[in-house]
Amino acid sequence: MKELPFRISDRLSEAGPSLLQRLRAQVSLANLWMALRTLAWLAPLTILVWFYAARSISTSYTMDLRLRIQSADPNRHVTIEDPPDGRIKVEIVGPQAEVDRLKRAGTDLNVVLQATQILGAQNPPGPVLLREGTDLFRRANVRVQRTEPPQVALYVDELVERQVPVRPPESIRNLQSAVFDPPTVTVRAPARRFAAAEAAGGLFAEADLAGLPQLREPGKKDPITVPVRCALGTPTPGSVVATLDVRSDDVTVMLSSVPVFASVPPSFADEYRLTLNPPFIANVRVIGPPEQIALLQREGGFPYRAQLDFLPSELTQDLPIGRARTKKPTFILPEGVRVDPAEMDRIAVEWSLSRRNGG
């Protein structure tokens, strides 16, 4: 191998004193202090920049939320039809800092529906509903990627006011009469609820009479103020003055034999004979006020009976000539007296038809 024109060791020996002199000249106490000060603020700044850069990286997250929706219009009411419990899954995409903030916001979310001029069913997309109806997502620097279900089925109804009658609870059986002042209260509720309640016979408000000591003794009572409640909404006023007449507690008695009568058109009875087997119902338990029960037990008292009322279709279609059929009767009893409900399940009257001319 050919030798180099110079020896490295000789050159380092020659440069050594010169290099040391330069280092001593540059590295002074002042310069070292300045370098340490620069490092003292530059290092935390570098870490801080790295931290915020990491938090600004876009990430995705799926939230489980329960929606509570109301209308911006005070005369509108919004109901969530589907999902029925108002729970949806929301996938969001955005900076980690914003996602973390939404995580801490909780699972219950109030949504205000702005466009409620149109009544009836509406199916807004979930992302649009959240972005336009909530401050949380409208102000957040995130994007609602999708929701499950994709749409939220809503029903927008009109809030209306109606007068509904006040009545006592059905569970209180020992009232001879109950008069309320005022006799009606005002209830504000969605129109659809009023329609459903009216169809089901539930369009009323109840006076809260349960637990009143005045109901323990029979007789007429002084007027008393009682609260009112209504399943449709809050009633106005919230209380009424009730004047009550309390009768004695119901008693039970057994009727050994209740005669059965059949009601048929006269023209039908001229041609056909309707036979009841047997023509009475034995051992019928009835419940009612003592004074009304006394009418049943008194000789020559109330003419109680069981009634079979036939519809024209029962007597004109598929006549059961010679074949026995059964039918539940209607009991004619004094006011406030009723057949024990357990008895009604077993009671039925057998009947059959035959022609009067022997055919």
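These are my notebook entries on a predicted model of one protein chain.

**Overall build**

I began with the secondary structure. The protein chain has ten helices and 22 strands. I then looked up burial: of its 359 residues, 33% count as buried. Residues 24 or more positions apart account for 76% of them.

Next I turned to strand S3, residues 87–95. How many of its nine residues are buried? I found seven, so S3 is largely enclosed by the rest of the structure. I then checked its pairing. Strand S1 (residues 58–71) runs antiparallel to S3, and nine bridges join the two. Within that pairing, tyrosine 61 has isoleucine 92 in S3 as its bridge partner. S3 also runs antiparallel to strand S6 (residues 143–148), with five bridges between them.

**The five-stranded sheet**

I traced an open sheet of five strands. Its order is S20-S18-S15-S17-S21, with mixed pairing. Which strands stand at the edges? They are S20 (330–332) and S21 (338–339). Each has a single partner strand, so one side of each is left without a neighbour in the sheet. Inside the order, I looked at S15 (residues 251–263) and S17 (residues 280–288). They pair in the antiparallel sense over eight bridges. Proline 259 stands opposite phenylalanine 280 in S17.

**Aromatic rings**

I searched the whole structure for aromatic pairs and got one. It joins phenylalanine 310 and tryptophan 351. The ring centres are 4.7 Å apart and the planes are at 70 degrees, so I logged the pair as edge-to-face. The cut-off for that label is over 60 degrees.

Where do the two residues lie? Phenylalanine 310 is in the loop between strand S18 (305–309) and helix H9 (312–316). Tryptophan 351 is in strand S22 (residues 349–355). The pair therefore ties together parts that are 41 residues apart in sequence.

**Charges over rings**

Last, I looked for charges over ring faces. Lysine 327 lies over the face of phenylalanine 310, at 5.4 Å from the ring centre. I also noted arginine 167. Its charged end sits over the ring of phenylalanine 204, 3.4 Å from the centre.

Note on methods. Residues numbered from 1 in each chain as written. Predicted model: local features only at pLDDT ≥ 70, side-chain atom pairs only at ≥ 80, totals over all residues. Heavy atoms only, no water. Helix = DSSP H or I, 4+ residues; strand = E, 2+ residues; numbered from the N terminus. Buried < 20%, exposed > 50% of the residue type's maximum accessible area, 1.4 Å probe, protein only. Contact = heavy atoms within 4.5 Å. Pairing = 2+ DSSP bridges. Phe/Tyr/Trp six-rings, centres within 6.5 Å; stacked < 30°, edge-to-face > 60°. Lys NZ or Arg CZ within 6 Å of the ring centre and 35° of its normal.
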